[in-house]
Structure formats: C-alpha cells, structure tokens
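Please read the following questions and answers slowly, with the model beside you, and try each question yourself before you turn to its answer.

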Amino acid sequence: MKKNDLVTLSVTGMSAEGNGVGRAENTVVFVPGAAVGDLLSVRIVKVLKNYCFGKIAEILTPSDSRQQPDCPVSSKCGGCAFCHLSYAAECAVKQQRVQDCIQRIAGLPVQVSPIIAATRIQQYRNKAQYPVGTDAQGRLIAGFYALHSHRIVQCPRCRLLPPEFDQIRDAVLAFAAKQGISAYDEAAQTGLLRHIYIRKGFVTGQIMVCLVINGKSLPGADRLAQYLLQVCGDIRTVVINHNTADTNVILGDRYTVLYGDGVITDRLAGVDVRISPGSFYQVNRDMAERLYQIAAAFACPDGKTVLDLYCGAGTIGLSMAARAKRIIGVETVKSAVKDARANAIRNGIENADFYCDTALHAAQTLGIAPDIVLLDPPRKGAGEQLVSVIAGSFQPERVVYVSCDPATLARDLKLFCQQGYVVQAVQPVDLFPRTAHVETVVLMSKTEK
Ligand code: SAH
C-alpha cells in the first residue's frame, strides 16, 4: 500500500483515539471520522511500518450509528472525535474500549458495568484554553489545535462550551488587536499572547479569565478587566499567567492578578470549592459529581482513614470527609494544595490534611496506615513503584482507582492483582461526550490470605 492509493474499507472497530479501524490488503488502516459498520472508499494519506492512515474519500454504505455532525469544524478540530456518531453509539464505543483494555491489557475476566452516560452532551465543559495565533492576513485568531498538530482551527461556537466563552474570547482578541498585542509564535518563540484560558463555576456562575503571556506585562492591562466586564458581567477575576518557556505546557508558574481574588468558587459533591487557575478541576462538573458518588459508594469511607492520592484541590477526599475518620491528600501542584487546605476550612472540615508531594514519595515517607486508598492519577497512571507501595506496604482494605486512561488503568490493575488485590467493579462514566476520552472508576479489595 502506498500514499494516495484508493482502497475499499469495511470499518470493524475503533482505536483509542476514536479513529475507525479496518483492514485493506492485509494492512490495518485508521480512518478519522469513520464509524463501525461503514463501508468506505478511503484515500491512504500516511503509510507506516505496520499500519496506515486514511481519509474518507466516499461513504459507500453508511453505518447505522452515523448522524450529521452539528459542528461545522468537527472534521478539522482535534477536540471532538465522535460528532458523526449518535450518542448511544459513542457510549458503546467507550464501553468496548474499557472492556477491551480490561481483557487484553489487564488480562482480567471482569465484566465492565454499563457506562453511565452524560446527562448532557453539549455545553458541559467549564474550561477552555484557546491557543492564540494569526491568520493568513496577520490578524489575531484563537481556536483549537487540529489533531496531532499545532495548527489553530477557529471554532466560533464550540458546542461543548458555554456561549459566553465565545464572547469573552472574541473580546480578548479585539482588545489585544487594539493594543497592538502580538500572538506568540511557537517556532520563533516571539510574540506575547499565548493562550486565552477561561473557566466557569457552573453552580456559582463565576468566571475566571486568564491570559497566558510570553513576557512580564500586557499592554493595557489596567483597562482589560473593565473592557471584559462590559461583555460578560459574570467575570469574577482576571489573571495574567507568565509563561516564557519554550514548552507545550500551557501555564507558567507565575501569576499577576488584574481583577478580583485570582480564584473562583464552585460547588461540587456537597463541597464549596475554591479553584485557582493552576489547580486541576474536573471539566464536567455534573458528571464529576456522579463519578465522586460512585467513588464514595466504592470506598465506603465510614470511620476510615482515607488516603487521596493525586488529590488536586482536594475535592474527592473532602466530599467524603464527613463520613471518614481522616482524609490525607497528596498533590504536586502547590496552588492546588493551597486550594485543598482552603477548601477544608471553607467547609468546616477538620479531619483533612494535605501534603504537597509526589504520590510516590509521600506514600514512601508519610508513615501512615490508610484503610482506604483513592487514586486519581493523570493519563500516565500510577506506575509499578506506587502500586507496590500501596499493595505491599499499606495493604488497604479497598483501593478506589479513578482513571482517565483505560490503557494505563488496565496496566496498573494487573499489577494490583499480582499483589493481592481483586477487582470488584469497573464503572466507566462519560465525562467527555463527543471526545474519545472516557473516565473509569474501579473498586479493588484485598484478597483473604
Ligand atoms: N482528584 C482530583 C484531581 C485529579 S487530576 C480531582 O478529582 O479533581 C490529577 C492530579 O494529579 C492533578 O491535580 C495533578 O497536578 C496531580 N499530579 C500529577 N502528578 C502527580 C504526582 N506524581 N503526585 C501527586 N500528584 C500528581
């Protein structure tokens, strides 16, 4: 098979990234925007050693699970993978993905519970980080990256975000243009404005606007907040983040608060939460609440000492604090730990302590004996060393693992099972409708000796 070949492909599966998968001339072909059951004419665009990438040239017979995408840039923007599927079909794909990882990677004969579908599949995200660039005419633009690229795709109305985010983004761009502010150029490492970062507390309505800049100051900074407040009265704080590093990481370490307290608040799972711009906060508040309910039902924290690893602003642990004997949270991001401590105080919680440390180092050194371990790591998972400390040294009654990557989850579950734990329940929850991401919460318990 070579580039530009036209092949007929029957789509039989979906990849982790949400591409359709089929076989042509004995080669695996990945096709974005395809659906299981499609018969396609596919143009080969990239040939690698063991597989190819193709582009749909023509849909010969459409899958029953197809629908018309409601977003005009869905095939260009790297954000959504499943706009062309019915939501039921999307849930089935995610269910299968988790089940496949549990079987193939973890090697466990465990039946995955039916995925909990999202209550809404539009306007569920409370956070946007728009990269800023320029168009062919040199005008400032902001949008989302195309898949596997840093090319900016403009998306005037992202279906996943609240509409006021569009107005704020456009107001920032208009303000920046008036001030003669330049867009950051990644290749040359020149220019000022890198990202427009907006976050909203869906319960409180409070909005944070954070501009990430490659420099010390923003021209017109003293007028920015007033300008933005004319567009959206719900803005509670406006912040500058300084990031002068040559990096893909969006946020730098330093902030300048231009307006408000530099934080917003929200309410999640019975907890009043304060969130700083650098702190992780689940992007889908409503479904995060469902996730935390399941985590609590799995953990049964009543009267127990609970270790909450990768705790962010402390939200999972704090939501269980009233039932638990003690909560110990661990998180590497300083501002998140500060938020977690402040959140305990805001909510009158006196049995929670938070440590700024890596999960592994804290587990090795804190000298604690938790009854229950909760862990909610980033995509790369917990890893062998941490699993060994938890399963080998702590030996808690139960482990509740919240994961945003089924593959690393399955890898870690296998390790837990080799070290005396048994998987009791695997529950996928759809926190990220229309995208290929899926969240899973797993209950493990210690096997009887
Ligand atoms: N449990 C939280 C946050 C989960 S996101 C919630 O539900 O909101 C994962 C968190 O792990 C992030 O806050 C990230 O900063 C933190 N983190 C990343 N690597 C870490 C490590 N090695 N040790 C501890 N925390 C880490």
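Q: How many nonpolar, polar and charged residues does the lining of the largest cavity have?
A: This is a predicted model, in which local features need pLDDT of at least 70 and side-chain atom pairs count only at pLDDT 80 or more, while totals for chains, interfaces and linings use all residues. Residues are numbered from 1 along each chain as its sequence is written, and side-chain values use heavy atoms, with hydrogens and water left out. The largest cavity is lined by S15, A16, G18, F82, V93, K94, R97 and A436, and for sorting them Ala, Val, Leu, Ile, Met, Phe, Trp, Tyr, Cys and Pro count as nonpolar, Asp, Glu, Lys and Arg as charged, and the others, Gly among them, as polar. By class the lining therefore has 4 nonpolar, 2 polar and 2 charged residues.

Q: What volume does the largest cavity have?
A: On a 1 Å grid over the protein atoms alone, a cavity is a set of points where a 1.4 Å probe fits but cannot get out, whereas a pocket is an open set with protein on both sides within 12 Å along at least five of seven lines, and lining residues have an atom within 4 Å of a point. Grid points are joined across faces, edges and corners, and a volume is the space filled by probe spheres set on the points. By this rule there is 1 cavity of 30 Å³ or more, and the volume of the largest cavity is about 40 Å³.

Q: Which element supplies the largest share of the lining of the second largest pocket?
A: The second largest pocket holds about 410 Å³ of space, and of its 20 lining residues the closest to its centre are M14, S15, Q96, R97 and D100. Helices (H or I, at least four residues) and strands (E, at least two) are DSSP runs, numbered from the N terminus. Both β1 (6–14) and α1 (87–105) supply at least two residues of this lining, but the largest share, 9 residues, comes from α1.

Q: Is S445 buried or exposed?
A: S445 is found in strand β22 (residues 439–446), and its side chain is joined to that of Q424 by a polar contact of 2.5 Å. Buried means under 20% relative accessible area, exposed over 50%, and partly exposed in between, with a 1.4 Å probe and protein chains only. Because its relative accessibility is 14%, S445 counts as buried.

Q: What is the phi of H148?
A: Most residues other than glycine have a negative phi. H148 lies in the loop between β8 (144–145) and β9 (152–153), and H148 is exposed, with a relative accessible area of 63%. Although H148 is not a glycine, its phi is positive, at about 55 degrees.

Key:
A polar contact is a pair of N or O atoms within 3.5 Å; within protein, one must be able to donate a hydrogen and the other to accept it, and residues adjacent in sequence count only if both atoms are side-chain atoms.
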